[in-house]
Amino acid sequence: MYDKSVTFAGYSPEKLFPTRWDEMKEDKIRMSLFQSIAELYGKGYRTFLSDLSAGFCLMAADTVIMLRDSKRCPDIRLVAMITGKRQPEKYDKLSGALFKDLLEQANEVKTLSGKEYQDRTQESGHVVCYFNAIEAGELKKIGIPFTNIREKV
């Protein structure tokens, strides 16, 4: 029952916050992530997979670490599934620093090839995402249970 896994998938900062007005949603996104991850933890999910992409996936991974450090979810695990250590070279300074910090705090780090990266959601029991209706519809077609944070903010 325990140690089911969850994968995070979502938008880059440019797509997540295309305007100054959209940046005001960050607190709502973080609160929804906190609530959704804590709820999934309560249902037996313990391993959370993130590719640490700038934007939504960094926020989600950061939330997992906050829940672990606060002792609210003491045995929650973050698995960083990255394409390489050079991944953050295109990130802004804040996102690059957060990437490095989360990489150090992750319970496990896996370096993925292109095909493995594309297939990462297939291995999960649940996906927490920030997608538009079309992208969320693709998850629904595949049959993977998901929580779309975009619908909550």
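## The model and its largest pocket

Please keep in mind that this is a predicted model. Its largest pocket has a volume of about 330 Å³. The pocket is lined by 14 residues, and those closest to its centre are F17, E26, D92, L94 and S95.

Which helices supply at least two residues each of this lining? They are helix 1 (13–16), helix 3 (26–42), helix 4 (56–69) and helix 5 (93–105). By residue class, the lining of the largest pocket holds 7 nonpolar, 2 polar and 5 charged residues.

## Helix 3 against helix 4

The axes of these two helices come within 10 Å and cross at roughly 55 degrees, which makes helix 3 oblique to helix 4. Their crossing is right-handed.

On the helix 3 side, the contact is made by E26, I29, R30, L33, F34, I37 and A38. Helix 4 brings F56, M59, A60, D62, T63, V64, M66 and L67. The residues of this contact divide into 11 nonpolar, 1 polar and 3 charged.

## Helix 4 against helix 5

Helix 4 also packs with helix 5, at an angle of about 45 degrees and with the axes 10 Å apart. The two are therefore oblique to each other, and their crossing is left-handed.

Here L58, A61, D62, I65, R68 and D69 of helix 4 meet S95, L98, F99, L102 and Q105 of helix 5. This contact comprises 6 nonpolar, 2 polar and 3 charged residues. In helix 4, D62 takes part in the contact with helix 3 and also in the contact with helix 5.

Key:
Residues are numbered from 1 along each chain as its sequence is written. This is a predicted model: local features need pLDDT of at least 70, side-chain atom pairs count only at pLDDT 80 or more; totals for chains, interfaces and linings use all residues. Side-chain values use heavy atoms; hydrogens and water are left out. On a 1 Å grid over the protein atoms alone, a cavity is a set of points where a 1.4 Å probe fits but cannot get out, and a pocket is an open set with protein on both sides within 12 Å along at least five of seven lines; lining residues have an atom within 4 Å of a point. Grid points are joined across faces, edges and corners, and a volume is the space filled by probe spheres set on the points. Helices (H or I, at least four residues) and strands (E, at least two) are DSSP runs, numbered from the N terminus. Ala, Val, Leu, Ile, Met, Phe, Trp, Tyr, Cys and Pro count as nonpolar, Asp, Glu, Lys and Arg as charged, and the others, Gly among them, as polar. Axes are lines fitted to C-alpha atoms, for helices over the stretch in contact, and angles run from 0 to 180 degrees between N-to-C directions. Angles under 35 degrees count as roughly parallel, over 145 as roughly antiparallel, 65 to 115 as roughly perpendicular and the rest as oblique. A crossing is left-handed if the near helix is turned anticlockwise from the far one by less than a right angle, and right-handed if clockwise. Contact means heavy atoms within 4.5 Å.
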